[in-house]
Amino acid sequence: MKKIFIIACFIFVWNFDAEACTGISMFSADGSYFQARTIEWAASNLNSVYVVVPRNFSQTSFTPKGKNGMTFKSKYGYVGLAVQEKEFVAEGLNEAGLSAGLFYYPNFGSYQLYDEKYDAITIADLQLVSWILSQFSTVNEVRDGISEIRVVSLMGGDGSEAAIHWRVGDSNGNQIVIEIEKGVVHIYDNTIGVITNAPGFQWQLTNLSNYINLTPVNSPAHKMYEFMVNPIGHGNGFLGLPGDFTPPSRFVRAAFFKSTAPVKTTAQETMLQCFHILNNFDIPIGMNFPKNEIPDMPSATQWTSVIDLTNKEVYYKTFYNNAIRKIDLKEIDFANVEYQYHVLDERDSQEIESLTF
């Protein structure tokens, strides 16, 4: 029970600090499909690790009562980026080319009540990504399979307080958003390829209509009565684009950055493009606390990942080290590899290259 108490405390703190993930997806001209995202938490280092999970690896989910939930064995091996606990995979990719990730979603959802008589089909919200990656190869399989389980929270009480929604995509370019409200699972096709946090996904899509005037085309000079009005500079077509870090504003910003981005020729170019777009969502740590309470962290954006579902590669960089690192799933023998986890950064610093003359 000690571990459950630690987990519950983590989630409690998580709910009251900045957690502001932003996700996008991109295609390259060669057909490669990417899902990319940031993950933020402003209170402290999430101690993130990457995990390598082999085929036939057995896991048991936590519940509000302990580690007594659903036990599942992995049909597919996968690599995941986990936060706080190695079981809590926040983003990952399996060997079949299915990717899944969790995004903070407070106050707008609610799971089914926790009932111990359903422990055999009950899984914690923070472990749903692991279950999805271990069991399925396509979005359609996830649609069918998720109706057979019960998702609960580890926050205590009746286990129904929802704090998460999920994005799932496959190598064919299909993508869905999963939200649970009053215990009912809602699945939305994510054709726009953007996700942030609350409110719900359908509301975020409707809210885009408030920004229909935005355009990458600069407005020309024109007369206002007898006075000539000239544009101040480039980018005036995006005047009114919201610049704050609330989920609706980040959703709008991500949608317009993605929609105006050129389609790159190769997978590598598109991977780099995803990182460049998501750089716009890095949150300085001072944005989240009064001046005398700022924690000793480089940024609230703890890491950024870009996943190539087509070529089965996971890329990431962190707030300590902006060098991009790659995990190639094609180089992993998931039938024989051992379960393992490793810190994202071997040291909390980045090497600086000095130029010589």
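Visitor: What relative accessible area does Phe27 have?
Guide: This is a predicted model, in which local features need pLDDT of at least 70 and side-chain atom pairs count only at pLDDT 80 or more, while totals for chains, interfaces and linings use all residues. Residues are numbered from 1 along each chain as its sequence is written, and side-chain values use heavy atoms, with hydrogens and water left out. With a 1.4 Å probe and protein chains only, buried means under 20% relative accessible area, exposed means over 50%, and partly exposed lies in between. Phe27 counts as partly exposed because its relative accessible area is 41%.

Visitor: How many aromatic pairs are there?
Guide: Rings of Phe, Tyr and Trp (its six-membered ring) pair if their centres lie within 6.5 Å; planes under 30 degrees apart count as stacked, over 60 as edge-to-face, and the rest as tilted. Under this rule, the number of aromatic pairs is 10.

Visitor: Which residue forms an aromatic pair with Phe27?
Guide: The two rings are tilted, with 35 degrees between the planes and 4.7 Å from centre to centre.

Visitor: How many residues apart are Tyr111 and Trp166?
Guide: Tyr111 and Trp166 form a tilted pair, 6.4 Å centre to centre with 35 degrees between the planes. Trp166, at 0% relative accessible area, is buried, and so is Tyr111, at 3%. This pair links distant parts of the chain, and the residues apart number 55.

Key:
Helix = DSSP H or I, 4+ residues; strand = E, 2+ residues; numbered from the N terminus.
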